[in-house]
Amino acid sequence: MSRLERFSTALRRRWRKLSQVLERRPVELVYGPGYYFTLASGLHDPRRGERVLAFLEQQGLLRESSLHEPHPVTLQLLRRVHDEAYLDALHHRDALTRAVGYGLSDSEHDALLAAQRLMTGGTVLATRLARASRGTAINLGGGFHHAFADRAERFCVFHDIAAAIADQRRQGFAGPILVVDLDLHDGDATRAHFADDASVHTFSIHNLTGTPREAVEATVLELGDGVGDDLYLTTLRRELPPVAERLRPELVFFLAGTDPAEDDKLGDWTITAEAMVERDRFVIDLIGQAEPDRGSLPGRVPLVMALAGGYGSDTWRHTARTVSWLLGGEVLEPPSTESMTLAGYRRLAARLRPSELTGEGPGSSEDWGLTEEDIYGALGGSTRKDRFLNYYSAHGVELALERAGIFDRLRALGYRHPNLAFDLDNASGETLRVYGSRHQRELLMELRVRRDKGTLRGFEMLRVEWLLLQNPRRAFSDRQPRLPGQAHPGLGMLRDVVALLVLVCDRLQLDGLLFVPSHFHTASQSRRVLRFVDPAAEGQFRALDDLLASLPLAAATRAVSEGRVRYRDTGETFRWQPVPMVLPVSDALESAVKGADYEAEAERARQAQRFDL
């Protein structure tokens, strides 16, 4: 091929890519900070939509003009889709006990109602945006397809899709509507809302059919348990196009649930990440290529997406892949949840001046509010006892926790007045405690740390001597059993606390975070971000993890603590020995514990260790 031919080929490729960008449907995003709420099950990720947005911003795909903040749906609109008696009863917290599976406190009840009203308003807004632009609008929440007209079920209180359709009908839109529900669970309440409405077709592929009510326009496809890629995608490709072709919808809702994915913490299907993206692209392309069967309505069919189900802290990554393709034309692989959490806190830390954390100095842009004493104190040269780690004032720590949303999350759990306390005179380390109220009766967090220069020569690290995160108002359950050393269930904030400690290392110019796990489960929970300082210990843990990988964490840690794990060669009982783990922050420490020599030694140790259960 000549130089001219190569140039012409490259030019044609660039033109095709540019044409694809120019032809791409407009995409609007809807999200509000009020989407955040927590549930005691621990399966729901309250930061799901927030993580997607942070990833898009990190990739340069987020335009401020395309992000819209919703208002809570009005009660007037909710009355069009829900029974009066049901709405009246919602001010009693017992009204949601059946839907959630346990009794809610007043604050949890109020937070759940407020969040779902806001997300429902988000779907209403997304629908208006999609119809106005004749493009795609994504509500980074919503999809409450189990909310019946007269009752809440399975964590769904208000039916946002029904409310959005009612809003459109009220404005005079009378065209046919298609609801494509690819959540793992049956969209039974959606089918019930429109059972007698021939203008709305509900299409659902799911594991088990819920409420088997007949509907004049519905496709109900039950695939059972353990479904894989081939059956799932084949069913979708075979069944959806004929429905769309016959109905000729003028508005489409897509409930892009991520709970069919193989890594979902609740679902039992085995759909790969690649197939999840392929599923979404098939639906979006199908709708994007369709033209409404109305000559007076130009353009393609408006598409509204809602998140629907998805459980576990990594479920956002499936949505992020699809949205990155929609916005940028290619599927981008999102980072780990830990990396995304840390990136978010680093953006927050960039907006916190040192003077706000230390409480000293003018805080000007020139000197950042630091005195010479502050600087040398941060490096270990001062022994002031009124500062945490010789740097942070109590006000500064409280401000950081407020801005990071930690205190808001505690308030959402019912602790209305979180209270911070220092203990800086303990010989084993400096201690920070967070209580649930000013009376300091309910301990929620306890952190004891000190600087460590002796574990790894040439490196100074922040050593975590003790970390406690607990919710005294929750009880253990079959889903969340008691683990060794626990008095109460956890808060579900370990990732956030670790990320904040990394920021402390950043701020104080420390090489990394050092932690000595006292139990197998604490090491296992830390494994995604920490590794053992000694490569031999790292290899031993990998071999142990291989043996116990099929067990739930509680069962695995009991097997270790009860002495049921033995060395295969000698038959001796394996005893857990607490040894240091590290999360590198500096490049130098990163190289020391993640280099080729470290990996080779760790793998040799892994192969050499043989365990039986």
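User: Which residues line the second largest cavity, and which strand gives the most to the lining?

Analyst: This is a predicted model, where local features need pLDDT of at least 70, side-chain atom pairs count only at pLDDT 80 or more, and totals for chains, interfaces and linings use all residues. Residues are numbered from 1 along each chain as its sequence is written, and side-chain values use heavy atoms, with hydrogens and water left out. The lining consists of Val 179, Asp 181, Gly 187, Thr 190, Arg 191, Thr 202, Phe 203 and Ser 204. Strand S4 (177-181), helix H8 (188-193) and strand S5 (200-206) each give two or more of them, and the top contributor, with three residues, is S5.

User: How are cavities and elements defined here?

Analyst: On a 1 Å grid over the protein atoms alone, a cavity is a set of points where a 1.4 Å probe fits but cannot get out; a pocket is an open set with protein on both sides within 12 Å along at least five of seven lines. Lining residues have an atom within 4 Å of a point. Grid points join across faces, edges and corners, and a volume is the space filled by probe spheres set on them. Helices (H or I, at least four residues) and strands (E, at least two) are runs taken from DSSP.

User: What is the volume of the largest cavity?

Analyst: The whole structure holds two cavities of 30 Å³ or more. For the largest cavity, the volume is about 60 Å³.

User: Which helices each supply at least two residues of the lining of the largest cavity?

Analyst: Its lining includes Met 276, Arg 279, Asp 280, His 318, Thr 319 and Thr 322. By type, the lining divides into four nonpolar (Ala, Val, Leu, Ile, Met, Phe, Trp, Tyr, Cys, Pro), two charged (Asp, Glu, Lys, Arg) and four polar (the others, Gly among them). The helices are H10 (273-289) and H11 (316-328).

User: Arg 321: buried or exposed?

Analyst: Arg 321 sits in helix H11. Beyond four places in sequence, its contacts (heavy atoms within 4.5 Å) include Ala 273, Val 277 and Glu 333. Buried means under 20% relative accessible area, exposed over 50%, partly exposed in between (1.4 Å probe, protein chains only). Arg 321 has 6% relative accessibility, so it counts as buried.

User: How many residues line the second largest pocket?

Analyst: That pocket holds about 980 Å³ of space. Tyr 31, Pro 33, Arg 47, Glu 50 and Ala 404 are the lining residues closest to its centre. Helix H12 (337-350) gives the most, six residues. The lining residues number 33.

User: Why is the pair of Tyr 391 and Tyr 392 edge-to-face?

Analyst: Both tyrosines are buried. Rings of Phe, Tyr and Trp (its six-membered ring) pair if their centres lie within 6.5 Å; planes under 30 degrees apart count as stacked, over 60 as edge-to-face and the rest as tilted. Here the centres are 4.9 Å apart, and the pair is edge-to-face because the planes stand at 75°.
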